[in-house]
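Q: I would like to go through the helix packing and a few individual residues of this model. Could we take it step by step?

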Amino acid sequence: MTSTSTPPGLARFNTLEEHAAFTALHEACASTAWAKRLLAARPYATPEALYAASDAAMAELAAEDLAEAMAGHPPIGRPKPGDPTSAREQRGMAGASDVLKAEMLELNLAYQEKFGHVFLICATGRTGEQMRDAVRERIGNTPEREREIVRTELGKINRIRLARLVEED
């Protein structure tokens, strides 16, 4: 069943004062350019319109904007202390063995040394082993290929975070 009315969370987002809306967007994605693009396109009639705008903005981010977005993400296995979003998204590492956590730390460091930024993956719903396998696989990528994978992963993360924003009552 589809409703023609705007969901309450999206209606609230559409009517937020500009600074508050920017802050909410910046919490979803640390890219200022991305947040400004989404802010400029308000109001959104549907969550899908917001997600499409997010995808379009992500696709157009310049390298420095992508770097800014990535800088807002902690390494896998080390969520930001006191950050419930980070902890929730990385839940798959919470119960990981010490051996797996140590392996992820080594892989994260090797990845960061090669690419110059944290390993970024949409961790929601993934196990620690799946994340470890992904970093093992992706560390062999070229920087160009990895940048596009990161862009895709950021897009997935942004959609999840925007959904949480617009579904709140």
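Q: At what angle do α2 and α10 pack, and how far apart are their axes?

A: The model is a predicted one, in which local features need pLDDT of at least 70, side-chain atom pairs count only at pLDDT 80 or more, and totals for chains, interfaces and linings use all residues. Residues are numbered from 1 along each chain as its sequence is written, and side-chain values use heavy atoms, with hydrogens and water left out. The angle between α2 and α10 is about 140 degrees, and their axes are 9 Å apart. Axes here are lines fitted to C-alpha atoms, for helices over the stretch in contact, with angles running from 0 to 180 degrees between N-to-C directions. Helices (H or I, at least four residues) and strands (E, at least two) are DSSP runs, numbered from the N terminus.

Q: Which orientation class does that give α2 relative to α10?

A: It makes α2 oblique to α10. Angles under 35 degrees count as roughly parallel, over 145 as roughly antiparallel, 65 to 115 as roughly perpendicular and the rest as oblique.

Q: Which residues of α2 and α10 make the contact?

A: From α2 they are Ala 24, Leu 25, Glu 27 and Ala 28, and from α10 they are Asn 158, Arg 161, Leu 162 and Leu 165. Contact means heavy atoms within 4.5 Å. By class, the contact of α2 with α10 has five nonpolar, one polar and two charged residues. In this scheme Ala, Val, Leu, Ile, Met, Phe, Trp, Tyr, Cys and Pro count as nonpolar, Asp, Glu, Lys and Arg as charged, and the others, Gly among them, as polar.

Q: Moving to α4, how does it pack with α10?

A: Helix α4 (residues 47–59) packs with α10 at an angle of about 150 degrees, and their axes are 10 Å apart. That makes α4 roughly antiparallel to α10.

Q: Is the crossing of α4 past α10 left-handed or right-handed?

A: α4 passes α10 in a right-handed crossing. A crossing is left-handed if the near helix is turned anticlockwise from the far one by less than a right angle, and right-handed if clockwise.

Q: What residues meet in the contact of α4 with α10?

A: Among them are Leu 50, Tyr 51, Asp 55 and Met 58 in α4, and Arg 151, Asn 158, Leu 162 and Val 166 in α10. The residues of the contact of α4 with α10 divide into 10 nonpolar, three polar and four charged.

Q: And α5, how does its axis cross that of α10?

A: The axes of α5 (residues 63–71) and α10 (residues 143–167) come within 11 Å and cross at roughly 55 degrees. The two helices are therefore oblique to each other, and α5 passes α10 in a left-handed crossing. Leu 66, Ala 69 and Met 70 of α5 make the contact with Arg 147, Val 150, Arg 151 and Leu 154 of α10. The contact of α5 with α10 has five nonpolar, no polar and two charged residues.

Q: Now the core. How many residues has the largest nonpolar core?

A: It has 44 residues, and those with the most contacts inside it are Trp 34 and Leu 162. A nonpolar core is a set of buried Ala, Val, Leu, Ile, Met, Phe, Trp, Tyr and Cys residues joined through side-chain atoms within 4.5 Å. The largest share of this core, seven residues, comes from α10.

Q: What does Trp 34 touch?

A: Not counting residues up to four places away in sequence, its contacts include Leu 25, Ala 57, Met 58, Asn 158 and Leu 162.

Q: Different topic. Is Asn 14 buried or exposed?

A: Asn 14, found in helix α1, is buried, with a relative accessible area of 15%. Buried means under 20% relative accessible area, exposed over 50%, and partly exposed in between (1.4 Å probe, protein chains only). Leaving aside neighbours within four places in sequence, Asn 14 is in contact with Thr 6, Arg 42, Pro 43 and Tyr 44.

Q: What about the peptide bond from Arg 42 to Pro 43, cis or trans?

A: The bond is cis, with omega near 0 degrees. Pro 43 is found in the loop between α3 and α4 and is exposed, with a relative accessible area of 63%. The C-alpha atoms of Pro 43 and Asn 14, 29 residues apart along the chain, are separated by 4.9 Å.
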